[in-house]
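Here are my notes on the model you sent. They cover the chain contact and the charged pairs.

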Protein chains: 2
Amino acid sequence: MKPKIDYTLYLVTDRKLMSSPTIEESVEQAVRGGCTLVQLREKESSSRDFYKTAMKLRELTTRLDVPLIVNDRVDIALAVGADGVHVGQDDLPVEVARQIIGPDKIIGVSASSLSEALKATEDGADYLGIGAMFTTDTKADAHLTAIEELQRIQEAVSLPIVVIGGISKETVSFFRDSGIEGLAVVSAIVAQKDIAGATQELKKLFLEGRTNV
Amino acid sequence: MKPKIDYTLYLVTDRKLMSSPTIEESVEQAVRGGCTLVQLREKESSSRDFYKTAMKLRELTTRLDVPLIVNDRVDIALAVGADGVHVGQDDLPVEVARQIIGPDKIIGVSASSLSEALKATEDGADYLGIGAMFTTDTKADAHLTAIEELQRIQEAVSLPIVVIGGISKETVSFFRDSGIEGLAVVSAIVAQKDIAGATQELKKLFLEGRTNV
């Protein structure tokens with residue numbers, strides 16, 4: 001059976017941006033600050049290093065009782081017993097990832113448009129990462145998603161939606177009453193000096209004064 | 001059950017070095033010239049492109065009746081129903097790859113030393129790719145394996161052995177009577193104008209006049 005996921009504050013790792021010496025430290029701080037879900041994203045590591053880091057995060061997230069999602073690599077998700085995999089439009093197709101990873105794991109899909117969101121839903125995604133909502137240094141080449149497109153996706157699709165791309169304390173207010181499930185955050189957490197504090201603040205800004213909680 | 005593999009002439013693809021416009025064309029020519037086994041190696045493709053190419057090669061190699069091995073990516077090997085996976089020292093550990101890919105697939109392992117070869121054997125490899133035997137432009141940072149080390153590996157290990165790294169018509173004579181199972185070749189095949197012809201010539205040079213055939 002698929003695990004029940006709390007998408008409220010979804011940490012996506014980035015080795016280049018992080019302020020702490022190891023990914024494990026960043027993740028531990030972020031979870032202590034309130035992150036509810038962790039995605040290990042490694043774009044330049046060898047498979048061996050990716051696997052080793054995933055093993056460490058599997059132990060850590062189990063201990064901290066938050067789910068772990070692996071970006072792109074279904075084999076590494078399987079190897080470490082992650083809770084799921086997140087695939088972008090350049091990664092394995094959702095239905096192929098599903099065949100390999102099986103019915104009991106979470107598959108998240110990045111989508112920047114309504115058509116991508118509909119296709120991912122049809123192909124068996126469990127949640128959608130919509131964006132990039134704003135321009136960001138993390139992914140300079142990302143397609144931007146207009147707020148209106150996000151709304152069209154929300155109307156058309158019943159899957160949990162997280163927004164990604166430029167989510168920070170400056171932009172979080174856009175989404176407070178939007179009905180989305182959560183925020184996916186990279187640099188506004190891992191690049192901060194006080195990771196736990198930044199996480200707490202983001203979460204508070206997202207949740208407080210919400211009219212639909 | 002694992003497929004029976006003929007390791008005599010093992011083609012390893014390289015998108016950057018190939019003379020023909022598509023990997024499929026290179027592979028088709030090489031197999032027509034006498035390659036007995038094909039490894040798809042993609043070091044810079046996105047997962048999606050890697051998967052698409054692997055799908056095309058799966059169809060092609062099935063039609064040409066040669067086995068297909070996927071480099072590094074166990075998930076892509078599974079996704080396309082490849083005959084196996086080849087892992088290097090920076091890829092997933094052999095025993096982890098075996099857990100994911102199952103008992104009926106071939107796992108090949110790159111080893112440059114006796115200790116790596118013994119470990120791979122112990123961990124469940126089906127064949128070893130030993131090298132680099134000579135310096136090569138394909139992998140400038142590869143560890144070199146002395147001919148004496150190859151001989152020590154052959155004495156210590158009963159798995160099929162292919163040599164890789166700088167194997168060409170100039171160097172093939174070193175291995176003719178060495179007792180190794182086959183040659184793994186990149187640029188001496190895919191970078192040639194006449195791929196089928198170059199393949200035929202290499203195979204002939206390797207097999208002809210062998211005293212132990």
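The numbered points below start with the interface and then turn to salt bridges.

1. This is a predicted model. On the chain A side, Arg48(A), Asp75(A) and Leu92(A) supply 32% of the buried area, more than any other three residues.

2. Polar contacts between chain A and chain B come to 15 residue pairs.

3. Two salt bridges cross the interface. Asp72(B) pairs with Arg73(A), with the closest N and O atoms 3.9 Å apart. The cut-off is 4 Å.

4. Over all chains there are 24 salt bridges. Asp126(A) and Lys2(A) form one, at 2.5 Å between the closest N and O atoms. Asp126(A) lies in the loop between α5 and β6, and Lys2(A) in the segment before β1, so the pair ties together parts 124 residues apart in sequence. Asp126(A) is buried at 14% relative accessible area; Lys2(A) is partly exposed at 32%.

5. Arg15(A) and Glu42(A) also meet in a salt bridge, 2.5 Å from N to O. Arg15(A) is partly exposed at 39% relative accessibility, while Glu42(A) is buried at 8%.

6. In chain B, Arg63(B) in helix α2 and Glu28(B) in helix α1 are 35 residues apart. Their salt bridge spans 3.6 Å, N to O.

How values were computed. Residues numbered from 1 in each chain as written. Chains lettered and ligands numbered in written order. Predicted model: local features only at pLDDT ≥ 70, side-chain atom pairs only at ≥ 80, totals over all residues. Heavy atoms only, no water. Buried area = accessible area lost by both parts, 1.4 Å probe. Salt bridge = Lys/Arg side-chain N within 4 Å of Asp/Glu carboxyl O. Polar contact = N/O pair within 3.5 Å; in protein donor to acceptor, adjacent residues only side chain to side chain. Helix = DSSP H or I, 4+ residues; strand = E, 2+ residues; numbered from the N terminus. Buried < 20%, exposed > 50% of the residue type's maximum accessible area, 1.4 Å probe, protein only.
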